[in-house]
Amino acid sequence: MVVLKMKTISLKVNGITKEITVEDNELLLNVLREKLGITSVKAACWRGECGLCTVLLDGIPVKSCMTLAVETDGKEVITAEGLYSDERAKKLMESFVKHGAMQCGFCTPAFVVTSHYVLTKNPEVDGEELKKELNGVICRCGTYYQIYEAVKDAEKYYKKETKS
Amino acid sequence: MSFTTPYFTLPKFTYFKPKKLEDALSLLRQYKGKAKVMAGGIMLVNLMKERQIFPEYVIDIKGIDELKKISKTENGIKIGSAVTAIELQNSLIVRDNLPALAKAASYMGDRTLQHTVTIGGNISVGMPSTDGLPALMSMDSLLRIKSQDGERTIPASELVIGLGRTSLKDDEMITEIIVPYSSGLKGTYLKLINASEVAIATVAVSALLKERKLSVVIGAIAPRPYYFDHKSLQWKWEASLSENLKNASEIIGSNVKPMSDAVASSEYRKEVSKVLAVRALKEVFGGA
Amino acid sequence: MSNKYVGKEVPQADSWLKVTGTLKYAFDTFFPGTLYAKLVTSKYPHAKIKNIDVSEALKVKGVIKVATGKDFPYRLGLYLSDRDVLAVDKVRWIGHPVAAVIADSLEAAEEGAEKVKVDYEPLEPVLTVERALEKDAPLIHEKLGEYRVFPGFHPIPGTNIANLFELKHGDVEKAFQEDDVVIIEETYRLPQISHVTMETQNVLAWWRFDDYVELWTSIQSPFATRFLMADAIGLPVNRIIVHAPPAGGGFGLKAGLGWEPLVALLSKLVGRKPVKLVLSRAEQMTSAPVRDGFIAKVKAGFKRDGRFVAYQADFYLDAGAYADYTINVARTAGYSADGAYDVPNVHVKSYAVYTNKIPTTAMRGFGHPENHWALELTLDRAASVLGIDPVEIRRRNLLKPGESVRATGERVREDEGDPQKVLSVLAQALEPDHVDRPSEPWKVRAKGIALLVKAPSQPPNAGSSAVVKLNEDGTIDVLTGNGSMGQGTPTSLAVIVAEEFGIPLEKVKINQLEMVSTDTNPYTWQTVGSRGLFSDGIALLRAIEDAKNQIKDTASRVFKVPVSDVEVSDGYAFSKSHPWIRKEIKEFAMGYTYPDGTTVGSPVIGRGSYAPVLNTFLDASGHGSNTVFHTYGGTGVELEIDLLTGEVKVLRAIQVYDIGKAIDPLLVKGQMDGGFIMGLGSALYEELKFGEDGRVINPNLINYYVPHFEDMTASMESYMIETPQKDGPLGARGVGEHVMVGVAPAIANAILRATGVKINQLPITAEKLWKAIKEQKPELIEKAQKLFFEEGIKEVQQV
């Protein structure tokens, strides 16, 4: 018999630290969407295959539908709306807009989050490497060409930031 | 195996995140049969979502530092079981000395999942399409397995005993992978997939060359990988590479008995096994 | 006059909400107190329901009610009311919803669903089209004769044929008998595929205490959904309020009627509390509709000079358990079977056939990926037999605008586009005769093309309407009924408004980007078939003209000039004869007010509507006038085949469409590139696989592979030809669906041309191609193996 214990975790979400009460079997995805109302985190497969629920957990992209909320105690989550206040990420978003790197937009936040991570890590990412890095997010509208251009075009903002 | 996930939620369980290995092993013993070890957790979470397993306790080993180490000595390289696929690819020890493993790690799920997937979890799944095992087997790796009673060390080739089944007991876990080489390896890992990289492998081949030792492991075509070495391949070190490759591909072709399933037919897998084996061998000799 | 916005690259107007993830989809809609619904689905392909025991489910803490089919005795459907809300008396496929559990948490609903016990009495399942058509096959719909049928359709009661459409033109038998006619006969097949909209179908419904029903749902066509639901459950149309937030992908899945009646009725059943149903990916790919499976038996006659003289085709669409929408897919594949070609003798029979498998519905292309797979492959087969170039055989047979007549008897309009230009642009870009050396000696390079033409498939009265409201400060609010799902139409409509009034784009607000609500937005029939920009665009231009007339009327009184002397442009109303007499349009927005308070005119609100002119249903021979515009296009590919493994890598893709006018080339290019990717998935990877009992065995995104980032081709070129459509909005035609139609045939044609190997069935997986080469051209593999296993090694040793 499983004895359920509610746990209180401390989670910093987009800059604000929250105390949240969760059960052990709750997924980060559901906590973000339903308890915190962060609906930029989408879901389309619930099995770790589509990548639409990708968030940055302590700076690393993870699929929140495969992550237990209790695992994230004491960590920091950043989502697409949280990235708007990052000047480089905002330029990246601007590049997505300019290049038409979205159609229905349902996968767009996951691509923004993931490509922000990639450019932060390496603003001179090789083209083939970039495709590999973004291969964990699916866009059914097929906007890969436009996203590729958008990310490539945004490299310059991340380079500048690195040097200064 | 149903591979469906009609559920959005997980069944109820109690979660532990021990900081010490002995605490994890003690929990595993205490809840023997009712607990599951979680490292990356990809397979575990999916099986729970599919309601195929209902562990009452989940023991997260990501907080145990000693399982996350990669170290090199003269006798070999040791890799903690909770090292992630990304860490394997980024580790200079692995990249420089164990190229087959670095390459296999680059196929363990998509790039985002590779931040989560661990080498121990990957091989513990026991499914034919897991990428770690052929690479580890080609390098004659050993697995250190611990329980509260003590530890045992087995060759990687003895881990999988059937389709999705391993020789791990309920209260045991893999703690470390020991590769008995520390340098001078030529190795590679190749994979043919029925679509792109995240899809299921049709055939996976890992090859290793160290001086006059050669091995070729063929995975994904049967419940357990096939292991060939220079003896079973009747390799003639004095003969031309061309003659050897022709001979080896024929030996592989006549010794593998691939399964037919929704991914590929036996006939096709056999043909691709030969092609990938030769490609892999060309690569390890080409770089020699 | 140079355009300020039309023809410029304008990003979608909701882009910033999309990049920040703050655009609200139906999936994101939730109210405190909302209950969760979960489906219980059938484990049998065909079985009588003997008993449903819900007692254990009701004991689960949090479960409130369990509904079964008997609770909802309604029949649903767009063209044929063959659907139930939940299974009544019998189940028709594995995955058929039998019951729905409503609970106060998702967990409780899921646990409750596991505990519903259903007793079945298995019946013989019908799992193939071939079996379904046999005389002694069990009937899947015994009461087919009692269903409501839309005009122009012909189900055959007492059989498993949901519809038979026939098209006759000329005399194919006679043509086949002629002396110098070369005959090509083939059977082509396509598997069922899934739309895989990233946002799965989901509905939040609230049956209000005043007996109005409010729905927030992920759909394409709010008005069709509203009408069909009202009609099915017997409510006045305006008692149903459908809110359609932007959809995370539509692709046809979300046209017509979906889960709305079920969830609304569940809400009523639980005391009128809001209820939400979200399908998981597995449910989406087992319990909800997908694209039909397709078989085409084709006989085609060509003269020695390449003239296409006779085409006889029998199409069988595996409709699965419900054919509601698929009967029109079958009809459309049938009446447009002759594609872009002038074929004097055509005879097509197109059947939609029931089987005990997952039901089917509309999908991007709507019958055209199907019929062009048959037609475009047949043309290359003929070209190869006759020794004519694939480009040339098409050139000789293309429809001639203003001259040719389609098999339906419809004359090809003079202004409907330039198929010859499409072909020549495609050929020039691809250079099909110039093939580069492969990257390895055991590989081959190949180039192939396919052409296509498509018109929206819609009823003759498929109308649209639009409203334009001028605000106090000269900004403009625009309302149409078109759903927003990323296709770009709403942004293009905004561009048209900005251009026509000569005001900055930022001043135009197009409300459907956030929500289309049936109680606020004006009517449009459906957001399907690439009809949105055309139909809604015409309605919008009429609304703009109406609004301008109101401004002109007031302005003429203020300017004291005749109305005919007033023009509205650049954000001003002015006198044409005395251009210095002018005022900003905002001065007239609420009527013009003089300094003393006297006001002339009244608030400006323009309305416009559109319906096709003189369209008809097709008669018993498939003749009639049922289209409003056609768009021609073509796809070219360059690819490399590994003969050792059968792997295909597409290196270069070319898309060419005659779209009349590119109102927003950025968004048009997005459609062309994205459609190529979707077409590539269907060509190389996508297939729903069925177990022996008819269940879908790959309902997830690992075993059902859709294109990922790494599948993008190294080169992607899109060409827009602009031959204006006289009655199109600013000359434009639709293109959103066309863009995936030509991809698969172009790939198969490339393979045929380079290797002589015929592939008649998708997807072209590595193994399938390897086996086909082995069967048809074993010498190619042998030669490749020799090069690889022997000669290839020499190169290595030289390193």
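Of the 164 residues in chain A of this predicted model, 62% count as buried, a residue being buried if 20 or more other C-beta atoms lie within 10 Å of its own, exposed if 12 or fewer and partly exposed in between, with C-beta atoms placed from the backbone. Residues are numbered from 1 along each chain as its sequence is written, while chains are lettered from A and ligands numbered from 1 in the order in which they are written. Because the model is predicted, local features need pLDDT of at least 70 and side-chain atom pairs count only at pLDDT 80 or more, whereas totals for chains, interfaces and linings use all residues.

The secondary structure of chain A consists of six helices and five strands; helices (H or I, at least four residues) and strands (E, at least two) are DSSP runs, numbered from the N terminus. Along the sequence, these elements of chain A come in the pattern β-β-α-β-β-β-α-α-α-α-α. Along the principal axes, the C-alpha atoms of chain A fill a box of roughly 55 × 35 × 25 Å. Contacts (C-beta atoms, placed from the backbone, within 7 Å) can be sorted by sequence separation. In chain A, 60% of those with a separation of 6 or more are between residues 24 or more positions apart.

Chain A also meets chain C: 41 residues of chain A are in contact with 46 residues of chain C. On the chain A side, the elements that give two or more residues are helix H2 (80-83), helix H3 (87-98), helix H4 (108-121), helix H5 (127-133) and helix H6 (144-163). By class, this side of chain A has 22 nonpolar, 11 polar and eight charged residues. For these classes, Ala, Val, Leu, Ile, Met, Phe, Trp, Tyr, Cys and Pro count as nonpolar, Asp, Glu, Lys and Arg as charged, and the others, Gly among them, as polar.

Turning to chain B, the secondary structure comes to nine helices and 14 strands. The globule rule gives 19 Å for 288 residues and the radius of gyration of chain B is 19 Å, so chain B is as compact as a globular protein of that length. The C-alpha trace of chain B spans about 60 × 45 × 30 Å along its principal axes, and 56% of the 288 residues are buried. Of the contacts in chain B between residues at least 6 apart in sequence, 64% join residues at least 24 apart.

Chain B is divided into domain 1 (14-60), domain 2 (66-179) and domain 3 (186-286), with bounds that come from an automatic or database domain assignment. Between domain 2 and domain 3 of chain B, the C-alpha centres lie 20 Å apart, and the contact takes 21 residues from domain 2 and 23 residues from domain 3. The elements giving two or more residues to the domain 2 side are helix H5 (99-105), helix H7 (132-138) and strand S8 (160-162) of chain B. H7(B) gives the most, with five residues. This side of domain 2 of chain B has 13 nonpolar, five polar and three charged residues.

In chain C, the assignment gives domain 1 (31-123 + 201-278), domain 2 (293-458 + 617-778) and domain 3 (462-610). The centres of domain 1 and domain 3 of chain C, taken over C-alpha atoms, are separated by 40 Å. In the contact, 18 residues of domain 1 of chain C meet 17 residues of domain 3 of chain C. Helix H6 (222-233) and strand S13 (240-244) of chain C are the elements that give two or more residues to the domain 1 side, which by class has 11 nonpolar, six polar and one charged residues.

Strand S2 (residues 47-53) of chain C pairs with two strands of chain C, pairing being taken to need at least two DSSP bridges between the strands. With strand S6 (residues 90-91) of chain C, the pairing of S2(C) is antiparallel over two bridges, and C:Lys48 stands opposite C:Lys90 in S6(C). With strand S8 (residues 117-122) of chain C, S2(C) pairs in the antiparallel sense over six bridges; here C:Ile52 stands opposite C:Val118 in S8(C).

Technical notes:
Two residues are in contact if their C-beta atoms, placed from the backbone, lie within 7 Å. The radius of gyration is taken over C-alpha atoms; the globule rule is 2.2 Å times the number of residues to the power 0.38.
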